[in-house]
Amino acid sequence: MEQVKKGLQTTLDVSHVSAELKAKGFCPIGSGFFKQADFFREDDWKEFAQSFNNQPVDKYMKDNGTYRLRRFATIEYSTTDRSMNFFLDRPYYQPTDINYLNGGVVRHFDPMEAETTDNRFLRGLLQWAFNVVEQLEGASNWEVSLHPIRILARTNEQGEPAPEGVHRDGVTYIFMMVVARENVIGGESTIYDNERNPLKSVTLQPLDLIFADDNKVMHGVSAILPDGVDGYRDVFVAAFTKKA
């Protein structure tokens with residue numbers, strides 16, 4: 001377990017995001033929003049983005065795809081002391097009613113690297129997100145799963161950012177931030193209501209994010225194809241589960 005210093009704050013406004021989540025169940029946010037953050041420095045962002053270059057292949061894909069690379073970590077967080085406790089050795093599990101494709105199996109992914117979990121941009125982004133959910137839920141404890149994922153688009157295999165299709169993740173809130181898009185076509189993110197009617201579609205660009213209430217809406221992402229040469233799409237997903 002690695003403890004991050006408490007007290008990290010952000011000047012970014014959370015009231016608009018929390019209001020959108022409460023009213024609609026989701027809130028798309030553009031890159032310009034985060035470039036105003038006190039935690040945003042170009043060097044820190046580039047360092048975080050470059051960490052996706054060192055991702056092992058996901059060995060648990062039941063569709064036999066080799067297009068997904070990923071790492072994993074867990075955070076425990078309390079609004080009482082505002083400290084983020086990183087756990088780099090925990091497994092990941094989803095029941096099959098949440099993930100019909102890869103659920104029902106305890107998955108042991110390679111952990112996020114220590115220099116990544118210590119990245120200033122990452123820690124600032126997460127603290128901002130905790131500020132959002134605190135405004136919605138008040139004083140509370142959280143367990144958060146972190147998923148840095150690279151999806152490959154190759155001439156002999158398209159990439160599937162959401163191979164399970166339209167889904168929810170069985171958590172309280174979730175955000176998805178695109179970190180990179182290189183030589184790819186597609187990858188359109190769509191938010192759906194609980195009857196699977198589409199509400200919003202957008203092709204996220206680097207530093208764009210969608211924050212969603214996982215109980216109110218579902219989400220999916222279309223396949224990516226190589227744009228002439230092999231490419232990839234990097235996304236950072238954080239899934240927040242409120243604890244008793």
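This is a predicted model: local features need pLDDT of at least 70, side-chain atom pairs count only at pLDDT 80 or more; totals for chains, interfaces and linings use all residues.
Close-up 1. Residues are numbered from 1 along each chain as its sequence is written, and side-chain values use heavy atoms, with hydrogens and water left out. Asp213 sits in β11, residues 209-213; strands here are DSSP runs of E, at least two residues, and helices are runs of H or I, at least four, numbered from the N terminus. Asp213 is buried but has no salt bridge, and the nearest side chain of opposite charge, Lys216, is 4.3 Å away. Buried means under 20% relative accessible area, exposed over 50%, and partly exposed in between (1.4 Å probe, protein chains only). A salt bridge needs a side-chain nitrogen of Lys or Arg within 4 Å of a carboxyl oxygen of Asp or Glu; for charge, Lys and Arg count as positive, Asp and Glu as negative, and His and the chain ends are not counted. Beyond four places in sequence, Asp213 is in contact (heavy atoms within 4.5 Å) with Leu21, Gly25, Thr172 and Tyr173.

Close-up 2. Asp214 belongs to the loop between β11 and β12 (218-221). At 1% relative accessibility, Asp214 counts as buried. A polar atom of the Asp214 side chain lies 2.7 Å from the backbone nitrogen of Gly170. Leaving out residues up to four places away in sequence, Asp214 touches a run from Arg168 through Asp169, Gly170, Val171, Thr172 and Tyr173 to Ile174, plus His219.

**Close-up 3. Helix α5, end to end.** With 18 residues (120-137) at 1.5 Å a residue, α5 should span 26 Å, and the 25 Å between its end C-alpha atoms agrees; the expected span is 1.5 Å times one less than the number of residues. Most of α5 is covered, with 13 of its 18 residues buried. Asn119 caps the N-terminal end, placing a side-chain oxygen 2.9 Å from the backbone nitrogen of Phe121. Just past the helix, Gly138 has a positive phi of about 75°.

**Close-up 4. Phe211 and the largest nonpolar core.** A nonpolar core is a set of buried Ala, Val, Leu, Ile, Met, Phe, Trp, Tyr and Cys residues joined through side-chain atoms within 4.5 Å. The largest one has 40 residues, and Leu126, Trp128, Phe211 and Phe236 touch the most other members. Helix α5 supplies the largest share of this core, 9 residues. Another core, of 22 residues, lies apart from it and includes Leu69, Ile151, Ile224 and Ala239. Not counting residues up to four places away in sequence, Phe211 touches, among others, Val17, Leu21, Phe26, Trp128, Val132 and Phe175.

**Close-up 5. Arg71, a buried arginine without a salt bridge.** Arg71 lies in the loop between β3 (68-70) and β4 (73-78). Arg71 is buried and has no salt bridge; Glu113, the nearest side chain of opposite charge, is 4.0 Å away. The Arg71 side chain does reach the backbone oxygen of Asn54, at 2.9 Å. Beyond four places in sequence, the residues touched by Arg71 include Gln55, Pro56, Asp110, Met112, Leu146 and His147.

**Close-up 6. Salt bridges on α5 and beyond.** The whole structure holds 10 salt bridges. One joins Glu134 and Arg82 (2.8 Å, N to O). Glu134 is in α5 and Arg82 in the loop between β4 and β5, so the pair ties together parts 52 residues apart in sequence. Arg82 is partly exposed at 24% relative accessibility, and its phi is near 55°, a positive value in a residue other than glycine. Another salt bridge pairs Lys242 with Glu137 (3.0 Å, N to O). That pair links distant parts of the chain, Lys242 in strand β14 (residues 231-243) and Glu137 in α5, 105 residues apart. Asp58, Arg68 and Arg70, meanwhile, are linked in a network of salt bridges.

Technical notes:
A polar contact is a pair of N or O atoms within 3.5 Å; within protein, one must be able to donate a hydrogen and the other to accept it, and residues adjacent in sequence count only if both atoms are side-chain atoms.
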